[in-house]
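Okay, everyone, thanks for coming. Let me put the model up on the screen and then walk you through a few spots in it.

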Amino acid sequence: MENNLDLRVTIAGVEWKNPVTTASGTFNARESGSFYDFGKLGAVTTKGVSDVAWDGNPTPRIAETYGGMLNAVGLQNPGVDEYIREEIPFIRKYDTRLIANVAGHTVEEYCAVVERLNETDVDMMEINISCPNVKEGGIGFGTDPRMAGAVTRAVKAIAKKPVIIKLTPNVTDITEIARAVEAEGADAICLINTLLGMRIDVRKGRLILANKTGGFSGPAIKPVAVRMVYQVRRAVKLPIIGLGGIMTGEDAAEFFMAGADAVAVGTAALTNPTAPVDVLEGLKRYMQEMGFSTIQEIREAFTE
Amino acid sequence: MKEKKISVVKIEKNEPIAENVYRMEISSSEIALSAKSGQFVNVYLNNPSKLLPRPISVCRASGDTLTLVYGVVGDGTKELAAYEAGTEIRISVALGNGYDLAKVTVGHKALIAGGGIGVPPMLQLAAALKKNGAQVTAVLGFKDEPFLVEELEATGAMVHIATDSGNAGFHGNVVQLIQEEQLCADHYFACGPKVMLKALTEYLTEQQADVQVSMEERMGCGFGACVGCVCDVYDEDGNVVKKKVCKDGPVFWGSEVVWDGK
């Protein structure tokens, strides 16, 4: 606690020393860690890990947009064995919660990863049912309440850690999906993942991304994310980790006022490698200026 | 573990040296001292709507001056070209693996091949090779208008020029010029369009030689977190793996790179 600020939050029974984490896919422990001490964050959320190594999509995988970007990385990762061997021990040296994001093409694949991670000391698991880049299953799960519920039920049946379900915004009614995963036992909800976008190079007359479409993220999407957190808060009782375009401490406060319990910083870290700790410091300054001591006080300062 | 940072630096000079090619000088002893040939810096634009860093190769790092020579190829570099002397921008320390000069010693012959906007990194490379005591031959290819030729000659390198248009030097491309002049060396380094790097690798493979090539790919974060900028390479077992150009590269061995279909 500093200057009478108490930033602690408890998400699904796990206490974080502050409510800021990294967004999966934008954080690499060694690389990001060479710019800032990620031990200062309440939690770190690592890149989606699958049961076997995934190659990801052909390049180009990245395109810039006005106030945002598109990515079609396709969840390239070395697989859960290497994650357990290399990443977990490295991150555990730091005083921060470790949230392992889990990727899969099928319910069985998600469960296979969860089973392996059960035997480790990760603090929480975030099930990525929403990545729009994976052709099979990925987009289906997150956009269909029955499938979203089915994954949640299967994972919860075997998970030995709290389970966060990460939702895709590419749906007609996000509250429908949120209610479905709550009904099947999700311990927390994380939203939003990326929107679906595309860019065309008008000089070459070609699509920029090899995958044609990509996940749209960055400050341009914040209003969609804030609206969805607001809606989901009023639909479920679960803890909410909110993300989508957070660049500053005030952006984070906006998510708390919408109803989030914690926030994640993603694309901002591509523009500014130290963004997650900068957002944390900005949040503290905002709280001091506004006279708030706790995150709860930020939420309570919001009236309909 | 914190070792890398983004610094706010002042642009000392920013001038065109050829059509759509600009030369920028930045005063930063920290960055200049850290930079090795074949590395790049991430340049963050002042326009907040343009989020992504522009990775620009180190042209020359000497004393406390970092020189970047870049092509105006899109919105970001167009904005960069408009920054006047005195403008402050954020840039990273030098990133990437850079060229490996460990095996280059006194009296060795080095051939460095630069194509178009692949020419700028040859300046730092030539200087570094000279420092190792090597004899440097530089073969530079341009579409039409050569640039940085005098600066390269000033490092003591023997410079050969090729232009596609025939406007200056040899009428043809870098690989053709190398073949024509029967140029050879103990060590080869290159930077330029993929088609040039591939042709050079194939030619040198026939001579039982390998070449360090600088690869390029659209980047996201530019420092190894987002896994956007991968390049297919063969690992020790001959399997194709995807390596990050910003972190594992940008320099790879020509023999490692999977050239087909890329």
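So, to start: which residue in S2(B) is the bridge partner of B:Glu15? It's B:Arg23. Before I go on, the housekeeping: this is a predicted model, where local features need pLDDT of at least 70 and side-chain atom pairs count only at pLDDT 80 or more, while totals for chains, interfaces and linings use all residues. Residues are numbered from 1 along each chain as its sequence is written, chains are lettered from A and ligands numbered from 1 in the order in which they are written, and side-chain values use heavy atoms, with hydrogens and water left out.

Back to those strands. Helices (H or I, at least four residues) and strands (E, at least two) are DSSP runs, numbered from the N terminus, and two strands pair if DSSP finds at least two bridges between them. Strand S1 of chain B, residues 6–18, runs antiparallel to strand S2, residues 21–27, and 6 bridges join them. Another of the partners across there: B:Pro16 goes with B:Tyr22 in S2(B). The hairpin has 2 residues between the strands, and B:Asn20 takes a positive phi near 60° in it.

S1(B) also pairs with strand S7 of chain B, residues 88–92, again antiparallel, over 5 bridges. There, B:Ser7 has B:Ile91 as its bridge partner.

Zoom out and you get an open sheet of 7 strands in chain B, ordered S4-S3-S7-S1-S2-S6-S5, with antiparallel pairing. Its edges are S4 (54–57) and S5 (60–62), each pairing on one side only. Neighbouring strands in this sheet are turned by 35° against each other on average, direction ignored; the axes are lines fitted to C-alpha atoms, for helices over the stretch in contact, and angles run from 0 to 180 degrees between N-to-C directions.

Chain A has an open sheet of 4 strands, S5-S6-S14-S11, also antiparallel. The edge strands are S5 (62–65) and S11 (195–198) of chain A, and the twist averages 40° from one strand to the next. S11(A) is joined to S14 (residues 213–217) by 4 bridges, with A:Leu196 partnered by A:Gly215.

Now the interface. How many residues does each chain put into the contact? Chain B gives 30 and chain A gives 42, contact meaning heavy atoms within 4.5 Å. About 2800 Å² is buried between the two, with carbon and sulfur atoms giving 59%; buried area is the accessible area (1.4 Å probe) that two parts lose on being put together, summed over both.

The rule finds 3 salt bridges across this interface, a salt bridge being a side-chain nitrogen of Lys or Arg within 4 Å of a carboxyl oxygen of Asp or Glu. A:Glu31 is the one to click on: its side chain meets B:Lys247 at 3.2 Å, N to O, and it meets B:Lys4 at 3.8 Å. Over all chains, the structure holds 28 salt bridges.

Last stop, A:Arg299, in helix H11 (residues 295–300) of chain A. Leaving out residues up to four places away in sequence, A:Arg299 touches A:Phe256, A:Gly259, A:Ala260 and A:Asp261. A polar atom of the A:Arg299 side chain lies 2.6 Å from the backbone oxygen of A:Ala260. That's my tour, thanks!

Definitions and conventions: A polar contact is a pair of N or O atoms within 3.5 Å; within protein, one must be able to donate a hydrogen and the other to accept it, and residues adjacent in sequence count only if both atoms are side-chain atoms.
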